[in-house]
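Here are a few notes to read alongside the model.

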Amino acid sequence: MTQNTPLSPRLPRRPLHSGDVAHRVLSAAQLRARGVSAAQTSAQCLPGGPWQHLLPGVYLLHPGPPTGRERLHGALLYAGRPPASARRAPAGPADAGYGEAMVTGVAALALYGFAAVGDVEALHRIDVLVPRTRRLRSTRFVEVLRAASMPRAVRVGELPVAPVERALADAVADTVDAACVRRLLTEAVRDGHCEPAAVVRELSEAKLLGRPAVVGAVDALLAEGRAVAEARLYAMVREHGLPEPLWNVELRLPGGPRLGGVDAYWPDQAVAVELDARAPRYGAPGRRGRAEEDPQWSAYAAKREHLERLGITVVHLSPRKLREAADQQATVVRTALMAAADREPAAYVMVLPR
């Protein structure tokens, strides 16, 4: 039996295509839906046979070693099969068989193209995220991770994959090398995969922020995020034809106190732009997503109120908004600049390098 031979005489004459992983790795339920009995499957997997048993209930339909993509597909079939109590009918021929399972951890980062983790083909382990209620065991190259609340999967090719920030948290949870953690986190932000705040949120919810390998990496992550956001702000101003501002300056009342720094300032219009590159703060462990009072935010709000009482318009931009909707943010800034002519003149302030 060759790789291009139909699975069974009872099946429609549909060959196995070497480029289609979904036709080279099938679950027992998918084989039954194609008319292949358990006895026929066992016979094909005998020593020297054309198929092999890849994982419990998952079969590789050729005799050679599995590729990285085949292992990923097999891991999802294994983790995504329904519990025995829910197996009322066999899967249909078009059913991917993944259920709620999704790839996470280092394997997910490899699918996203992270240089720090290498190629999918070199993976020795595949982490798969499933609901906490599933009673699956890790086996062979598959590590089963459970989540009380499943994130929404992202499709990378044909595979469901955890969002980058969740995949990072799951990868970091299994890493004690501080340099490796730093490389992963900074690459995530530098290459535009996600925003620092989302990563810190996931690390906080996973109770990883206190780990020695993570503490310094988060500082590097925030610094990288700040640099990326500033570069996007420069690009937004120049690509959308906004007047050139004074960059990264400190405002001060003549002979009076400092008013604080801003990322861009148009003195003729009294318009300032400030980037919000703060790290999010969260409550005690176990209180997922519940924010504490943030002193940094309170200080920012007080500064903004003071500037606006002086007649200076402060435009607040987040790194995420600059990444996802730079044209809209440019419109917001342009509108603020145009509205300056209709406002009362602002108080005179000194502008100093920051």
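1. A word on terms before the helices: axes are lines fitted to C-alpha atoms, for helices over the stretch in contact, and angles run from 0 to 180 degrees between N-to-C directions. Helices (H or I, at least four residues) and strands (E, at least two) are DSSP runs, numbered from the N terminus. This is a predicted model, where local features need pLDDT of at least 70 and side-chain atom pairs count only at pLDDT 80 or more, while totals for chains, interfaces and linings use all residues. Residues are numbered from 1 along each chain as its sequence is written, and side-chain values use heavy atoms, with hydrogens and water left out.

2. With that in hand, take H7 and H8: their axes are 10 Å apart and the packing angle is about 160 degrees. The pair is therefore roughly antiparallel (angles over 145 degrees). On the H7 side the contact (heavy atoms within 4.5 Å) is made by Pro196, Val199, Val200 and Leu203, and on the H8 side by Val214, Val218, Leu221, Leu222 and Gly225. Eight of these residues are nonpolar, one is polar and none is charged.

3. H4 (residues 105–112) and H5 make another pair to look at, with an angle of about 135 degrees and axes 7 Å apart. From H4, Gly105, Val106, Ala108, Leu109 and Tyr112 meet Val164, Ala167, Leu168, Asp170 and Ala171 of H5. The residues of this contact divide into eight nonpolar, one polar and one charged.

4. Finally, the sheet. Three strands form an open, antiparallel sheet in the order E1-E3-E2, where pairing requires at least two DSSP bridges between two strands. E1 (25–27) and E2 (52–55) are at the edges with a single partner strand each, so one side of each has no neighbour in the sheet. On average, neighbouring strands are turned by 35 degrees against each other, direction ignored. E2 pairs with E3 (residues 58–60) over three bridges, and Leu55 has Val58 as its bridge partner in E3. H3 (residues 68–80) packs on the sheet and touches E1, E2 and E3, its direction making about 10 degrees with that of E1.

Conventions: Angles under 35 degrees count as roughly parallel, over 145 as roughly antiparallel, 65 to 115 as roughly perpendicular and the rest as oblique. Ala, Val, Leu, Ile, Met, Phe, Trp, Tyr, Cys and Pro count as nonpolar, Asp, Glu, Lys and Arg as charged, and the others, Gly among them, as polar.
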